[in-house]
Amino acid sequence: MRFGLPGEKSVTLLGNGRSMNLFEADSIPSQGYDAYRAATLIVATALCADPGRIPAGLHTAPADTAITDAGLWEAYYDLYAAPGAGVGQAAAVPAPRATVRGRLERAAIVGYGVAGRLHTEILTALGATPAVIDPKHQDLPASLRTFPHQVSELPPAVAAGIDLWSVCCPTAEHLDVLRAILRHNPAARVLMEKPACRGHEIDAFSRLLANHPTARIIVNDQYRHSTTLPAFTSLIAALEPGAPIGKVSVLFTKDRRPDSASGRFIDRDYGVLGYEWLHMLAVTRGILPTPTWEHYLALDPATTTTEPQYDPALFVAALTERADLPRPGAAGTLRLELTSSILGPGQADDDAPAPRPPWRQGLRAADDRYRHVTVHAGRTRFTLHLEPVTAPGGWQLERNHHRITAVRDGAVVHDEVLADSPLETSVRHAAAALFAEAAPPAPDLEPLRRIARLANVLRERAPDAFTAPDASRTSA
């Protein structure tokens, strides 16, 4: 078969049907001819889509890749070779095999941006063979099996072989992607990057989970599983035993202006709340006493003090929220202060470290983000500086290194550097939980509901010129 327009490069497709019956006969049996003809059409379609990408010469790899990606081998096995299959049997969609294996062998990464690349590395290290699904063609790796189209367009046989789905596409696509995954396999194992969905989709997301009780779904919450957080709270308890916490300040900022200028990851539903706020709430949850945390979640955002910086393109580009919360078993209140910005890295009070390893100067260019937690308890101020860490004097730590300090009466009484990759820790935890004997709990959407309510309050208070165009769609 020959493809190409007159005067342009042409591609010739050669076929050999003998391989389908392993040279046991000179003719092609009906079963083999089905596969041979289907493979011919699959490869022809792939070649016609972009004949210019095949260099001159004789090549088998492009044909093999197209046939494998289409799921022809799995379909042929299920129809003709699987136990109970027969020549006269009607063709059927292969049954999902992910829950049969019960272990992580094949993973599908949906979206190959920054998060998708990191998930691919981590899941590969866990022993999975990854495939990448990205209709935006974001520099798809030649070394991996890739599908430059939507999840809904995956061949059923390919989707049936996926043990774990890692959803790393933009938030606005999460719900549709999850629906497509569950149509392929109602018992799928799914790891989703945060947020789970947009504000106006929370109820629909919850209904989708309720309608698929055998599915296992985890929304990634990296700081909830970071080893630095329990080390931080243990230090507070050790240096100020029994002292109630008086104030918690969480500051997460990043310069996202280059991303916004290129059109990447623009959240007009939540504004600044859609980037770091869920991480900030995960850290806050790990520090506050449980009754205090639950009180905050139930608090009407209209009753807290907010300082928003509105932006005509990004809705809210910076925000500080303050609330006074009850302290169980102690008089007075706990002051909670949450601050986030996507306009720059920001800075908070910090102390210069001792100039010795692992601290270094000039390790990298200026950091574009800053993640800092301060807790006041008793006479001591505790700080957790999450990576990337740059301290006064230009001292820096390597990536995935964090700093914990305690200052009392102006003197540093504790200064510690901890190594931890919150993302890797959380993805490994999620992979283990998705394949554990007991199903993981349903995703906790209450922090996201509170963010949606807070976004509504900010939208109601916004000057008309700064209201996001699709703002009316967000609901708790």
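**Close-up 1. N400 in the loop between β17 and β18.** In this predicted model, N400 lies in the loop between β17 (395–396) and β18 (401–408), where strands (E, at least two residues) and helices (H or I, at least four residues) are DSSP runs numbered from the N terminus. The phi angle of N400 is near 65°, a positive value in a residue other than glycine. N400 is partly exposed, with a relative accessible area of 29%; buried means under 20% relative accessible area, exposed means over 50%, and partly exposed is in between, with a 1.4 Å probe and protein chains only. Because the model is predicted, local features need pLDDT of at least 70 and side-chain atom pairs count only at pLDDT 80 or more, while totals for chains, interfaces and linings use all residues. Residues are numbered from 1 along each chain as its sequence is written, and side-chain values use heavy atoms, with hydrogens and water left out.

**Close-up 2. D409 in the loop between β18 and β19.** D409 is found in the loop between β18 and β19 (411–419). Its phi is near 55°, a positive value in a residue other than glycine, and at 62% relative accessibility D409 counts as exposed.

Close-up 3. The peptide bond from K194 to P195 is cis, with omega near -15°, and P195 lies in the loop between β7 and α8. A cis peptide bond also joins E387 and P388, where omega is about 5°, and P388 lies in the loop between β15 (380–386) and β16 (390–391).

**Close-up 4. The open sheet of parallel strands.** An open sheet is formed by 6 strands in the order β5-β4-β3-β6-β7-β8, and the pairing is parallel; two strands pair if DSSP finds at least two bridges between them. At the edges stand β5 (145–147) and β8, each with a single partner strand, so one side of each is left without a neighbour in the sheet. From one strand to the next, the twist averages 20°, an angle that is taken on a scale from 0 to 180 degrees between the N-to-C directions of axes, which are lines fitted to C-alpha atoms, for helices over the stretch in contact. Within the sheet, β3 and β6 run parallel and are joined by 4 bridges, and the bridge partner of V110 is V167 in β6.

**Close-up 5. A107 in strand β3.** A107 has its place in strand β3 and is buried, with a relative accessible area of 0%. Leaving aside neighbours within four places in sequence, A107 is in contact (heavy atoms within 4.5 Å) with L123, A128, T129, P130, A131, I162 and L164. One of these residues, T129, is 22 residues from A107 in sequence, and the two are 6.1 Å apart in space, C-alpha to C-alpha.

Close-up 6. Helix α7 (residues 171–184) has 14 residues and, at 1.5 Å a residue, should span 20 Å; its end C-alpha atoms are 21 Å apart, which agrees. This expected span is 1.5 Å times one less than the number of residues in the helix. The buried residues in α7 are T171, H174, L175, V177, L178, A180, I181 and L182. An α-helix has 3.6 residues a turn, so residues three or four places apart point the same way. The buried residues of α7 pack against β3 (106–110), β6 (164–167), β7 (189–192), α8 (202–210) and β8 (216–219).

**Close-up 7. The crossing of helices α9 and α11.** The axes of helix α9 (residues 228–239) and helix α11 (residues 277–287) come within 10 Å and cross at roughly 35°. The contact is made by L229, F232 and T233 of α9 together with A282, V283, G286 and I287 of α11.

**Close-up 8. Q309 in strand β10.** Q309 lies in strand β10 (residues 305–311) and is partly exposed, with a relative accessible area of 41%. Leaving aside neighbours within four places in sequence, Q309 is in contact with F315, V316, A317, A318 and L343. The C-alpha atoms of Q309 and S341 are separated by 8.8 Å, although these residues are 32 residues apart along the chain.
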